[in-house]
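Please read them with the structure open beside you.

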Amino acid sequence: MSWQIDPAHSQIDFSARHMMISTVRGRFENFTGTVEFDEANPGRSLVDVQIEAASVNTRVAQRDGHLRSPDFLDAEKYPYLTFKSKHVETTGPKRGRLIGDLTIRDVTREVALDVDYRGQMTTPWGTTSAGFSGVTTINRKDWGLNWNQVLEAGALLVGEDVNIHIELELIKQPAA
């Protein structure tokens, strides 16, 4: 069954340590994707997501500009981050691990997201929506996002681990 991401009811958020004493949070404002969701056999489901690198938003324009720069995402040269699933492992009722390839700056690495299936609902407009949430942590250096600055006390300005939290609402597409 083919589903499209509903961008008005979905979000891709991230967080990372700042000076090792606080956490900075951000999100990507623009992304698209499709999901082939097989509720009877979740292992056969497929996910394909494209995220606009330039849509990064941490609510601080200067920081967002730095994240778009060649020091980090290099959004001009690499306009998209992508995720393409390989398979799903069922880990419990309405839970699973979505394994796939995450590409950032032309570097592709396998990641695993812990996913919760929130169920389906018929909308007031007669369509069917499904909800999913997923979390993972990646090391940004695995994708060549190496920029950092050592602070006077020896700590790093930016943490290496990036926590990713995804909330997706999908809209079932009519059969072809």
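1. Serine 85 is part of strand S7, which covers residues 80-92. Strands here are DSSP runs of E with at least two residues, helices are runs of H or I with at least four residues, and both are numbered from the N terminus. Because its relative accessibility is 13%, serine 85 counts as buried. The classes are buried (under 20% relative accessible area), exposed (over 50%) and partly exposed (in between), with a 1.4 Å probe and protein chains only.

2. A polar atom of the serine 85 side chain lies 2.7 Å from the backbone nitrogen of valine 47. A polar contact is a pair of N or O atoms within 3.5 Å; within protein, one must be able to donate a hydrogen and the other to accept it, and residues adjacent in sequence count only if both atoms are side-chain atoms. Leaving out residues up to four places away in sequence, serine 85 touches Ser45, Leu46, Val47, Leu98, Ile99 and Gly100. Contact means heavy atoms within 4.5 Å.

3. A word on the source: this is a predicted model, in which local features need pLDDT of at least 70 and side-chain atom pairs count only at pLDDT 80 or more, while totals for chains, interfaces and linings use all residues. Residues are numbered from 1 along each chain as its sequence is written, and side-chain values use heavy atoms, with hydrogens and water left out.

4. Threonine 136 belongs to strand S10, residues 128-139. Its relative accessibility is 14%, so threonine 136 counts as buried. A polar atom of its side chain lies 2.7 Å from the backbone oxygen of alanine 112. Not counting residues up to four places away in sequence, threonine 136 touches Ala112, Leu113, Val162, Asn163 and Ile164.

5. Which residues other than glycine have a positive phi? Methionine 19 is one of them, with phi near 55°. Methionine 19 sits in the loop between strand S2 (11-18) and strand S3 (22-28), and counts as partly exposed because its relative accessibility is 31%. Aspartate 106 also has a positive phi, near 65°. Its place is the loop between strand S8 (95-104) and strand S9 (107-122). At 63% relative accessibility, aspartate 106 counts as exposed. Most residues other than glycine have a negative phi.

6. Alanine 155 is in the loop between S10 and strand S11 (158-172). With 24% relative accessibility, alanine 155 counts as partly exposed. Its contacts, not counting residues up to four places away in sequence, are Met19, Met20, Gln149 and Val150. How far is the C-alpha atom of alanine 155 from that of glycine 126, and what is their separation along the chain? The two C-alpha atoms are separated by 54 Å, and the residues are 29 apart along the chain.

7. Now the whole chain. The protein chain has 1 helix and 11 strands, in the order β-β-β-β-β-β-α-β-β-β-β-β. Its radius of gyration is 17 Å, close to the 16 Å of the globule rule for 176 residues, so the chain is as compact as a globular protein of that length. The radius is taken over C-alpha atoms, and the rule is 2.2 Å times the number of residues to the power 0.38. The C-alpha atoms fill a box of roughly 55 × 30 × 30 Å along the principal axes.

8. Of the 176 residues in the protein chain, 41% are buried. Among contacts with a separation of 6 or more, 53% join residues 24 or more positions apart.
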